[in-house]
Amino acid sequence: MKRLQGYQFKLEPKSKYLAHLNQALGANRFVWNKLLAMNLARLANKQPILWYYEMCWFITLWKQSEEYAFLREAPSQSLQQTAKALARAFKDAFDKTQPNKHIPVFKKAGKNEAGIRYPQGFALDEPNQVVQLPKLGWVKYRRSRHITGTVKNVTVSRTAGHYTLSIQTEREVEPPVHPAQSAVGIGLGVKNFAALSDGKFIAGPNSFKRHQQPLAKLQRQLARKQKFSANWQKQRAKITRLQAHIAAARLDFLHKTSTRLSKSHAMIAVEDLKVANMTQSSRGTREAPGQQVRQKSGLNRAILDQGWGEFRRQLEYKQHWQGGWMVAVPPQGTSQHCPDCKQSSRANRQTQATFVCVNCGYADHADTVGAINVLDRAIALLSWKPKQKPQDFAGFVCEVNGAVSAVSSRNQLSAVF
Ligand SMILES: [Zn+2]
């Protein structure tokens, strides 16, 4: 089994390299935006988007022209890599199985920049903490950990004035066997980040909420400054730095949480939320105004803030690494269904937080009940056979990564055999 792994380090280029790096980043951004604009125009005209090799053909053409001669200064192949990334972004955008799919967006300097990817021609000297980049030479990076595997490519990117070196490696590993034998269901809450089927809760980082007021203050100050003046630029850089800080804190929380869960449970069941749908505005149109616009916008911000789509992506690949698996189930009605007597009723959900079954009296925190239902649905999904209802099963057999596992009940998976 091949395992790809990414590493990120802080790159510390000497000031004499900055002009070249920034120019290369600019060239990559230019190519991304120009090809994106061409493709969007084609989509608008109901034409198919350009193939990767067609985009490369345009890049070659531009490099030969006088008008875009500056592209010749960019590291060779990095522009093709940008075209490749754009082709993949379009492919993902039209892939129905991908969570969080969206049409690629334009890159802005200093914000969501396209990085410079070097597929070859680089060299890594770990003991001396330097990387050799084509057309640049040896550049220092801060090695915070050792890498394992063969280096496939390196990428240099820039966020809020800082440069990052991303290294992707590949190595052959034995198909892993998950160390744990338990299964857990996760219900995503808004007040808590998540509720688990074993009754535990995970509090969210709410990194945005904590920084909301400082951020709003900075933005008000920006609005009072003269656009594009030196002070305006300074203020805008401050905002970008704070936003980058918020994003980094959130990503750190998501990684720690998904790693912990993935190490403790062989099967993780999650709600198959279409985050993009949930976060669509409820503003409506002038003819049919949306309802509960204020409440919904608060919920939307909480959802986006907590990064559920990214969390699910991390759980999926981390479970794959550990030899466990993740199952996504339809979320409809998980908050109204009694896990004990299997009756569903809207009346079971008395408030946002409490669940009391009107039929059998089963009571628990509503988010915990949701998580239990998510897990039960996942088990039912895996064990389903025609003519037999999931609840008739005391146990079932399923196949994971080519190995056969026996799953005996909600809380215990028996060993892989
Ligand atoms: Zn009940």
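This is a predicted model: local features need pLDDT of at least 70, side-chain atom pairs count only at pLDDT 80 or more; totals for chains, interfaces and linings use all residues.
Student: How many helices and strands does the protein have?
Tutor: There are nine helices and 17 strands. Both are DSSP runs numbered from the N terminus, helices being H or I with at least four residues and strands E with at least two.

Student: How much of the protein counts as buried?
Tutor: Of its 417 residues, 39% do. Buried means under 20% relative accessible area, exposed over 50%, and partly exposed in between, with a 1.4 Å probe and protein chains only.

Student: Going to helix 3, what is its span?
Tutor: Helix 3 (residues 78-93) has 16 residues and reaches 22 Å from first C-alpha to last, close to the 22 Å expected at 1.5 Å a residue. The expected span is 1.5 Å times one less than the number of residues.

Student: Which residues of helix 3 are buried, and what covers them?
Tutor: The buried ones are Ser78, Leu79, Gln81, Thr82, Ala83, Leu86, Phe90 and Ala93. Their cover includes helix 1 (15-44), helix 2 (52-64) and strand 2 (116-118), where contact means heavy atoms within 4.5 Å.

Student: New topic. How do strand 3 and strand 4 run, parallel or antiparallel?
Tutor: Antiparallel, with three bridges between strand 3 (residues 123-125) and strand 4 (residues 130-133). Two strands pair if DSSP finds at least two bridges between them. Asp125 is opposite Val130 of strand 4. Four residues separate the strands of this hairpin, and Gln129 has a positive phi near 55°.

Student: What about strand 4 and strand 5?
Tutor: Four bridges join strand 4 to strand 5 (residues 137-142), again antiparallel. Leu133 has Gly137 in strand 5 as its bridge partner. Three residues lie between these two strands, which form a hairpin.

Student: Where is Lys135, and is it buried or exposed?
Tutor: Lys135 sits in the loop between strand 4 and strand 5. Lys135 is exposed, because its relative accessible area is 52%. Its phi is near 65°, positive in a residue other than glycine.

Student: OK, the metal. What are the protein donors of the zinc ion?
Tutor: Cys338, Cys341, Cys357 and Cys360, each through SG, lying 2.3 Å from the zinc ion. Donors are N, O and S atoms within 2.8 Å of the metal (3.2 Å for Na, K and Ca); water is not among the atoms, so sites may look incomplete. Along the chain the spacing is C-x2-C-x15-C-x2-C.

Student: What is the geometry of the site?
Tutor: Tetrahedral, with angles of 105 to 112° among the four donor atoms. Four donors count as tetrahedral if all angles lie between 85 and 135 degrees. The ideal angle for four tetrahedral donors is 109.5 degrees.

Student: Is Cys338 buried or exposed?
Tutor: Cys338 is buried, at a relative accessible area of 0%, while Cys341 is partly exposed at 23%.

Terms used
Residues are numbered from 1 along each chain as its sequence is written. Side-chain values use heavy atoms; hydrogens and water are left out. Four donors count as tetrahedral if all angles lie between 85 and 135 degrees; four count as square planar and six as octahedral if opposite donors are over 155 degrees apart and all others between 65 and 115; anything else is irregular.
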